[in-house]
Amino acid sequence: MNDIKSTALESIAYEDIKSIVTAMLKEHASKETLQASDELHSLLHGLLIHRGVIHEDQPQQGFEDVLAAACLLHNIHSVEKPSDLFFVRDLFEQYNAEFTLPQQIIDAICASIEGKFGVNSPVKSCIPQQGTPTAMFADACWMQTYMKNLATIEHI
């Protein structure tokens with residue numbers, strides 16, 4: 001996928017994050033995964049505002065870039081078994097030779113993705129601490145799945 005259009009990607013202010021995420025998306029994303037990522041990003045942004053973590057009148061905070069990247073990358077590989085949660089972490093190892101994103105940022109993005117199942121995670125060490133932006137990411141992932149399932153049931 002060469003032409004990537006995504007509101008979540010556009011929201012990333014830190015160019016180093018945007019560059020490596022763009023490269024990963026070009027190789028691993030589809031139009032459908034990008035659309036779902038943008039929907040998740042919008043849902044998460046609203047949740048962060050609702051819970052008072054961010055405010056519309058404040059400048060963007062660094063963790064918002066991390067969460068936007070997590071929204072974009074969390075669904076580029078399906079999770080069939082617990083080790084699949086670490087697919088994106090492995091991708092970062094491949095791509096980071098070229099982009100050299102600080103390890104702390106990679107770890108934050110990956111921790112969000114690896115914790116996306118929240119308290120239902122098959123890997124207990126990946127369950128995010130409640131009240132953190134990573135836990136809110138997991139909540140938004142759950143909400144998105146729940147709403148999609150609800151819409152499917154209503155169409156039956």
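## Packing of α5 against α6

In this predicted model, helices α5 and α6 are roughly antiparallel to each other, because their axes cross at roughly 155 degrees and an angle over 145 counts as such. The two axes come within 9 Å, and α5 passes α6 in a right-handed crossing.

On the α5 side, the contact is made by Val88, Arg89, Phe92 and Asn96. These residues meet Ile106, Asp107, Ile109, Cys110, Ala111, Ile113 and Glu114 in α6. By class, the residues of this contact comprise 7 nonpolar, 1 polar and 3 charged.

## Packing of α2 against α5

Helix α5 also packs with α2, at an angle of about 120 degrees and with the axes 10 Å apart. That angle makes α2 oblique to α5. The crossing of α2 and α5 is right-handed.

From α2, the residues Ser19, Ile20, Ala23, Met24, Glu27 and His28 take part in the contact. Their counterparts in α5 are Phe87, Val88, Leu91, Phe92, Tyr95, Asn96 and Phe99. The residues of this contact divide into 9 nonpolar, 3 polar and 1 charged.

In soluble globular proteins, nonpolar side chains tend to be buried together. The largest nonpolar core of this model has 39 residues, of which Val21, Leu25, Leu73, Phe92 and Ile109 touch the most other members. Two or more residues each are given to this core by α1 (7–11), α2 (15–28), α3 (31–50), α4 (62–73), α5 (87–99), α6 (103–114) and α7 (133–154). Helix α4 gives the most, with 8 residues.

Leaving aside neighbours within four places in sequence, Leu73 is in contact with Val21, Met24, Leu25, Val88, Phe92, Ile109 and Ile113.

## Phe92 in α5

Phe92 lies in helix α5 and belongs to the core residues that touch the most other members. With a relative accessible area of 1%, Phe92 is buried, because the limit for that class is under 20%.

Not counting residues up to four places away in sequence, Phe92 touches Ile20, Met24, Leu73, Leu101, Ile106, Ile109 and Cys110. Phe92 and Gln35, which are 57 residues apart in sequence, have C-alpha atoms 22 Å apart in space.

## Ser37 in α3

Ser37 is placed in helix α3. The relative accessible area of Ser37 is 0%, and this residue is therefore buried. Beyond neighbours within four places in sequence, the contacts of Ser37 are with Cys71, Leu72 and Asn75. A distance of 16 Å separates the C-alpha atoms of Ser37 and Ile17, which are 20 residues apart along the chain.

## Thr100 between α5 and α6

Most residues other than glycine have a negative phi. Thr100 is not a glycine, although its phi is positive, at about 45 degrees. This residue is found in the loop between α5 and α6.

Key:
Residues numbered from 1 in each chain as written. Predicted model: local features only at pLDDT ≥ 70, side-chain atom pairs only at ≥ 80, totals over all residues. Heavy atoms only, no water. Core = buried A, V, L, I, M, F, W, Y, C linked by side-chain atoms within 4.5 Å. Buried < 20%, exposed > 50% of the residue type's maximum accessible area, 1.4 Å probe, protein only. Helix = DSSP H or I, 4+ residues; strand = E, 2+ residues; numbered from the N terminus. Contact = heavy atoms within 4.5 Å. Axes fitted to C-alpha atoms, helices over the stretch in contact; angles between N-to-C directions. Parallel < 35°, antiparallel > 145°, perpendicular 65-115°, else oblique. Left-handed = near helix turned anticlockwise from the far one by under 90°. Nonpolar A, V, L, I, M, F, W, Y, C, P; charged D, E, K, R; others polar.
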